[in-house]
Amino acid sequence: MKIAVSIDTGNDLQAMVCQTFGRAPRFLLMDEETGRTEVIENGAAQGAHGAGTGAAAMLARSGVGAVISGRFGPNAFAALKAAGIRMYPCGADASVGDAIGRLRGGALVEAESA
């Protein structure tokens, strides 16, 4: 499975989790099978409207199965849910590596609503 984590800056597992999903400037994607990571820019973040749904569509096209972020707005939540992408809220105190570790260890709880 491919996991996406919203980030402000950085390009590795030390980057801190961004607390907004739709307006996150970037996402770090990690392929759990290979361990490969890549950072993609969130072009939807600069739009006047639809940042969350645009980011959700971009991640769906990238084959993401789960996303970690601080919070998810209602439109982003609906778009991610419709795409079959699981959402995991995570506090601002976590790096990407920490957040993925928490997800794997069962410490992150899947969001049930926005």
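Okay, one term before we start: a polar contact here is a pair of N or O atoms within 3.5 Å, where within protein one must be able to donate a hydrogen and the other to accept it, and residues adjacent in sequence count only if both atoms are side-chain atoms.

Now the ground rules. This is a predicted model, so local features need pLDDT of at least 70 and side-chain atom pairs count only at pLDDT 80 or more, while totals for chains, interfaces and linings use all residues. Residues are numbered from 1 along each chain as its sequence is written, and side-chain values use heavy atoms, with hydrogens and water left out.

Let's start with Ser69. Its side chain makes one of those polar contacts, with the side chain of Ser6, at 2.8 Å. Ser69 sits in strand E4, residues 64–69. On naming: helices (H or I, at least four residues) and strands (E, at least two) are DSSP runs, numbered from the N terminus.

Is Ser69 buried or exposed? Buried, with a relative accessible area of 0%. Buried means under 20% relative accessible area, exposed means over 50%, and partly exposed is in between, using a 1.4 Å probe and protein chains only. As for its surroundings, contact means heavy atoms within 4.5 Å. Leaving out residues up to four places away in sequence, Ser69 touches Ser6, Val17, Cys18, Gln19, Thr20, Phe21, Tyr88, Pro89 and Cys90.

How many disulfides does the structure hold? It holds 0, with a disulfide being a pair of cysteine sulfur atoms within 2.5 Å. Cys18 is in none, and the nearest cysteine sulfur, that of Cys90, is 12 Å away. Seen from the other end, the closest cysteine sulfur to that of Cys90 is the one in Cys18, and 12 Å is too far for a bond. Both are tucked away, by the numbers: Cys18 is buried at 4% relative accessibility, and Cys90 is buried with a relative accessible area of 4%.

Next, the aromatics. Rings of Phe, Tyr and Trp (its six-membered ring) pair if their centres lie within 6.5 Å; planes under 30 degrees apart are stacked, over 60 edge-to-face, and the rest tilted. That rule gives 2 aromatic pairs. Phe21 and Phe27 form a tilted one, 5.4 Å centre to centre with 55° between the planes. Both Phe21 and Phe27 are buried. Phe21 also forms a tilted pair with Phe72, at 5.5 Å centre to centre and 40° between the planes. That pair links distant parts of the chain: Phe21 is in the loop between E1 and E2, Phe72 in the loop between E4 and helix H2 (74–82), 51 residues apart. On accessibility, Phe21 comes out at 1%, which is buried, and Phe72 is buried too, at 7%. Put together, Phe21, Phe27 and Phe72 form one aromatic cluster.

Over to helix H3, residues 96–104. Its buried residues are Val96, Ala99, Ile100 and Leu103. They cover an arc of only 95° around the axis, so they are on the same side of H3; the arc is that of the directions from the helix axis to the C-beta atoms. Just after H3, Gly106 takes a positive phi of about 85°.

Last topic, salt bridges. A salt bridge is a side-chain nitrogen of Lys or Arg within 4 Å of a carboxyl oxygen of Asp or Glu, and the count comes to 4. Among them is Glu32 with Arg104, at 3.3 Å, N to O. Glu32 lies in the loop between E2 and strand E3 (37–41) and Arg104 in helix H3, so the pair ties together parts 72 residues apart in sequence. Glu32 is partly exposed, at 30%.

Another joins Arg86 and Glu110, again 3.3 Å, N to O. Arg86 lies in strand E5 and Glu110 in the segment after H3, so this pair ties together parts 24 residues apart in sequence. Arg86 is partly exposed at 43%, and Glu110 is partly exposed at 33%.

One more: Arg102 and Asp93 meet at 3.5 Å, N to O. Arg102 is partly exposed at 28%, whereas Asp93 is exposed at 55%.

That's my tour; over to you.
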